[in-house]
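Walk through this structure with the model open beside the text. Start with the overall build, then move to the details.

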Amino acid sequence: MSFTYFLKRAAFAALALAALMTSAFFLVRLTGDPVNLYLPVDASDAAREAMRIRLGLDRSLLLQLFDWAWDILSLDFGMSLWHNRPAMDVVLEALPNTLALGAIALALAFTAAIVMGSIAAVNAGGWIDRGVNVLSQAAASVPDFWLGLMGVLLFAVTFRILPTSGFGGPIYWVLPVACLFARPFGTLVQIVRGSMIEALNATFVRTARAKGARDGRVTFVHALRNALLPAVTVTGDLAAQFAGGGGVVEVVFGFPGIGKLLIDGILKRDFAIVQASIFAVAVVIFVINILVDMLYASIDPRVRVE
Amino acid sequence: MTDTSAEFLPARERRSRRILWLLRALAGDPMAVAATIWLLIVVLAIFTDSLSLLGDNRISLKARNLPPFDFGQSWTLWLGADALGRPLLVRLIQAASTTIGIAVVTVLTSLIGGTLLGVIAGYFGGVVGNVIMRICDIILGFPTLLVALFGLYLFGPSVGNLVIVLAVTRMPAYIRVARAETLEVRERLFVDAARAFGGGPTWILRTHILPSVAPTMLTLASVNLAMVMLFESGLSYLGLGIQPPSVSWGLMVAQGQGYLSSAWWLGFFPGLAVMLTTMSFNLLANWFRIVNDPSQHWRLVSRRR
């Protein structure tokens with residue numbers, strides 16, 4: 001059953017990916033004519049025409065669509081106009097950076113959130129709870145690009161211990177990770193704390209206490225397992241968002257990830273880059289979604305996977 | 001209204017008692033009180049601005065990059081002035097109405113739409129549920145930022161488009177959580193019982209599923225209010241949201257970025273305003289959730305003792 005479920009999901013994913021890519025094809029062509037961007041304003045019409053033919057933009061939209069679909073099926077996304085290299089190569093260079101950045105930030109946030117959220121829920125209403133509450137609310141509310149700028153101001157401009165931007169050794173990862181960590185951490189602490197309080201008030205916890213289970217066991221075995229469900233869902237969504245790149249944060253720090261690549265690609269009307277990155281990101285996100293669904297079913301047997 | 005018959009009195013009394021109880025519950029939570037005060041200040045500031053009582057927003061070369069906390073100046077200059085000598089405090093207040101208005105409208109749109117679609121997808125499942133979830137997957141397949149960029153690129157960066165684009169990109173998150181919660185709730189005994197008693201799907205959804213799902217959805221909406229405000233700030237920061245001469249807090253951070261090492265307050269205060277406001281929304285929504293959840297009333301009650 002689980003294999004047919006997996007096949008079904010994969011088929012759905014392929015269909016959705018096709019829909020996604022087709023809409024991306026049309027959206028990209030609606031955002032503007034790339035020829036205008038690559039040639040000066042006073043370029044002759046002949047030069048424009050030549051550029052258009054070189055890019056294959058002179059043919060009918062339907063023909064372009066068929067050609068494009070065939071290229072994609074053979075995983076050829078064409079040359080990037082801006083980088084003058086195959087687009088997929090550029091994307092595959094940026095993707096690991098983004099994935100590593102997102103994974104590190106999210107893993108740290110998830111772990112910290114579970115610990116802090118559980119501690120807050122156990123001490124609900126107390127001083128620790130209020131402290132965690134204020135901290136997590138602040139973390140969930142801070143604009144990441146502003147946090148980045150203030151980090152630069154403090155650690156790069158004033159103390160000169162961290163680089164302002166760029167890419168290289170581990171030291172270049174500190175500020176981007178810190179900026180991306182804040183929001184998921186705050187969000188998840190709230191979710192874990194809320195569902196944990198609910199779980200601790202549930203009757204099965206009372207039963208566990210009544211039969212003499214110790215406090216630690218009740219909290220971390222009986223309650224936490226049930227409280228994890230919403231946290232896992234939200235983490236899945238956050239992971240899906242992060243796969244698209246830490247967009248603004250990557251721009252702030254000049255971090256060579258997929259978010260910066262996409263924003264640059266859209267602003268420079270680089271079709272190949274935009275398509276290739278959408279494709280790569282979509283594949284990553286579908287994998288994440290399937291993983292979250294499977295994880296969900298394994299944590300909560302009541303959720304029937306049909 | 002003129003005819004207050006006897007049977008209406010108990011209801012009115014109940015209502016006034018409920019309001020009193022709410023106020024007392026609010027007083028028991030200092031953070032919620034602080035959040036309320038901050039939001040009241042912001043609302044009042046927006047109100048005075050809409051009546052154009054602030055006046056003085058002219059470019060003044062004498063006040064270029066005036067540092068903050070110079071209390072000898074007029075009160076509008078207490079937070080300093082920007083690169084064109086406009087008082088920062090007045091600019092902050094003008095930006096507040098844009099930023100907050102966009103966030104509130106967007107969240108309401110995606111909360112209502114997302115909860116309804118998610119509950120329907122979770123409860124009925126089947127073809128409708130699958131279609132809803134697949135559309136969600138497609139939207140989630142686009143990075144939120146990309147959808148937003150596309151939308152704003154296609155339709156132009158206007159306030160209305162910003163709201164639509166942000167509401168559509170945030171909705172899948174609501175749908176997924178509402179569906180997950182519904183999947184869990186519909187397996188519970190009381191729903192089975194309601195079904196066994198012959199309750200129709202609409203009735204079960206309204207009286208059993210929606211109230212069980214609502215607390216989680218409100219928590220999500222509270223966090224999302226922050227998220228949407230941050231997203232709008234981010235887009236405006238990138239130069240793709242609110243366009244000058246309009247102001248939003250994100251745009252102000254971007255304008256202050258160039259002066260980071262010489263005039264830190266230009267970027268600092270707008271960002272701080274975003275943080276404090278979203279935090280207040282969060283804290284209040286949190287408090288609201290506890291008040292609306294009978295199983296958590298003990299927290300408010302025990303605090304009063």
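This is a predicted model: local features need pLDDT of at least 70, side-chain atom pairs count only at pLDDT 80 or more; totals for chains, interfaces and linings use all residues.

Begin with chain A. Its secondary structure comes to 13 helices and 0 strands. Read from the N terminus on, the elements run α-α-α-α-α-α-α-α-α-α-α-α-α. The C-alpha atoms of chain A fill a box of roughly 85 × 60 × 30 Å along the principal axes. Chain A has 306 residues, and 52% of them count as buried. Now consider its contacts with a separation of 6 or more. Residues 24 or more positions apart account for 73% of those contacts in chain A.

Turn to chain B. Here there are 11 helices and 0 strands. Along the sequence, chain B follows the pattern α-α-α-α-α-α-α-α-α-α-α. Of its 305 residues, 52% count as buried. For chain B, take the contacts between residues at least 6 apart in sequence. Of these, 68% join residues at least 24 apart.

Back to chain A, and to its domains. Where are the bounds of domain 1 and domain 2 in chain A? Domain 1 covers 3-73, and domain 2 covers 87-303. The C-alpha centres of these two domains of chain A lie 33 Å apart. The domains do touch: 20 residues of domain 1 of chain A are in contact with 16 residues of domain 2 of chain A.

How much area do domain 1 of chain A and domain 2 of chain A bury between them? The size of an interface is often given as the accessible area lost when the parts come together. For these two domains of chain A, about 1600 Å² is buried, 73% of it on carbon and sulfur atoms.

Look next at the side of domain 1 of chain A that touches domain 2 of chain A. In chain A, α1 (2-30), α2 (34-38) and α4 (61-73) each supply at least two residues of that side. The most comes from α1(A), with 12 residues. By type, the residues on this side of domain 1 of chain A divide into 16 nonpolar, 2 polar and 2 charged.

Now for the charged pairs. Side chains of opposite charge can pair when their charged atoms come close. Over all chains, the count by this rule comes to 7 salt bridges. One of them joins D129(A) and R193(A), with the closest N and O atoms 2.6 Å apart. D129(A) lies in helix α6 (residues 127-141) of chain A and R193(A) in helix α8 (residues 174-200) of chain A, so this pair ties together parts that are 64 residues apart in sequence. D129(A) has a relative accessible area of 2%, so it is buried, being under 20%. R193(A) is buried too, with a relative accessible area of 3%.

Helix α8 of chain A also holds R183(A), while D144(A) lies in helix α7 (residues 144-158) of chain A, so the pair ties together parts that are 39 residues apart in sequence. R183(A) forms a salt bridge with D144(A), the closest N and O atoms being 3.1 Å apart. Are these residues buried or exposed? Both R183(A) and D144(A) are buried.

E187(B) counts as partly exposed, at 27% relative accessibility. R186(B) counts as buried, at 14%.

Stay in chain B for two further residues. S280(B) lies in helix α10 (residues 265-292) of chain B. At 5% relative accessibility, S280(B) counts as buried. Leaving out residues up to four places away in sequence, S280(B) touches A35(B), W38(B) and L39(B).

L22(B) is found in helix α1 (residues 9-27) of chain B. Its relative accessible area is 25%, so L22(B) is partly exposed. Which residues does L22(B) touch, not counting those up to four places away in sequence? They are W287(B) and V291(B). L22(B) and F288(B) are 266 residues apart in sequence, yet 9.5 Å apart in space, C-alpha to C-alpha.

Technical notes:
Residues are numbered from 1 along each chain as its sequence is written. Chains are lettered from A and ligands numbered from 1 in the order in which they are written. Side-chain values use heavy atoms; hydrogens and water are left out. Domain bounds come from an automatic or database domain assignment. Contact means heavy atoms within 4.5 Å. Buried area is the accessible area (1.4 Å probe) that two parts lose on being put together, summed over both. Helices (H or I, at least four residues) and strands (E, at least two) are DSSP runs, numbered from the N terminus. Ala, Val, Leu, Ile, Met, Phe, Trp, Tyr, Cys and Pro count as nonpolar, Asp, Glu, Lys and Arg as charged, and the others, Gly among them, as polar. A salt bridge is a side-chain nitrogen of Lys or Arg within 4 Å of a carboxyl oxygen of Asp or Glu. Buried means under 20% relative accessible area, exposed over 50%, partly exposed in between (1.4 Å probe, protein chains only).
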